[in-house]
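Please look at the sequence and the structure before reading on.

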Amino acid sequence: MTLQDFYALGLFEKIQAVQAGKLIAKRKTPQFYIYLYTLEDFYVEVLYSHLEHELKGFVPFRDMQRLDPYLQMISLPAIF
């Protein structure tokens with residue numbers, strides 16, 4: 001699956017695609033739990049509101065700078 005393929009998916013297909021990927025990090029902000037998954041050649045942040053207890057969205061990306069908040073958390077063996 002490519003990044004463009006992911007964008008074209010519906011909600012349930014995105015959930016399935018993320019579940020087929022690998023969870024490599026998670027973090028908490030004042031509003032969200034953010035789970036970082038790696039798929040084939042891109043990453044996806046899954047935003048879950050811990051205030052509203054619901055899925056709020058997906059942020060797929062390839063830009064390595066978006067990984068900055070996770071660098072202290074990611075274990076290289078977890079990626080491979």
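Ala25 stands opposite Leu36 in β2. The model in which this pair is seen is a predicted one. The strands β1 and β2 run antiparallel and are joined by 6 bridges.

**The sheet**

These strands belong to an open sheet of 4 strands in the order β1-β2-β3-β4, with antiparallel pairing. Strands β1 (22-28) and β4 (54-61) stand at the edges; each has a single partner strand, so one side of each is left without a neighbour in the sheet. From one strand to the next, the twist averages 20°.

Helix α2 packs on the sheet and touches β1, β2, β3 (43-49) and β4. The direction of α2 makes about 65° with that of β4.

Thr38 is found in strand β2, which covers residues 32-38. Is Thr38 buried or exposed? Its relative accessibility is 15%, and under 20% means buried, so Thr38 counts as buried. Leaving aside residues up to four places away in sequence, Thr38 touches Gly21, Lys22, Ile24 and Tyr43.

**The surface patch**

Leu11 is found in helix α2, residues 11-20. With 45% relative accessibility, Leu11 counts as partly exposed. Leu11, Phe12 and Leu55 form a nonpolar patch on the surface, and their accessible area together is about 300 Å².

**Salt bridges**

Side chains of opposite charge can pair when their charged atoms come close. In this model the count comes to 5 salt bridges.

| Salt bridge | N to O distance |
|---|---|
| Arg27 and Glu45 | 3.4 Å |
| Glu52 and Lys56 | 2.7 Å |
| Lys56 and Glu54 | 2.7 Å |

Arg27 counts as partly exposed because its relative accessibility is 24%, whereas Glu45 is buried, with a relative accessible area of 3%. Arg27, Glu45 and Arg66 are linked in a network of salt bridges.

Lys56 forms a salt bridge with Glu52 and also one with Glu54. Lys56 is partly exposed, with a relative accessible area of 38%. Glu52 counts as partly exposed at 45% relative accessibility, and Glu54 counts as partly exposed at 36%.

Conventions:
Residues numbered from 1 in each chain as written. Predicted model: local features only at pLDDT ≥ 70, side-chain atom pairs only at ≥ 80, totals over all residues. Heavy atoms only, no water. Patch = residues over 30% accessible without salt bridge, like charges linked within 9 Å, V, L, I, M, F, W, Y side chains within 5 Å. Areas by Shrake-Rupley, 256 points an atom, 1.4 Å probe, with all protein chains shown as cover. Salt bridge = Lys/Arg side-chain N within 4 Å of Asp/Glu carboxyl O. Helix = DSSP H or I, 4+ residues; strand = E, 2+ residues; numbered from the N terminus. Buried < 20%, exposed > 50% of the residue type's maximum accessible area, 1.4 Å probe, protein only. Contact = heavy atoms within 4.5 Å. Pairing = 2+ DSSP bridges. Axes fitted to C-alpha atoms, helices over the stretch in contact; angles between N-to-C directions.
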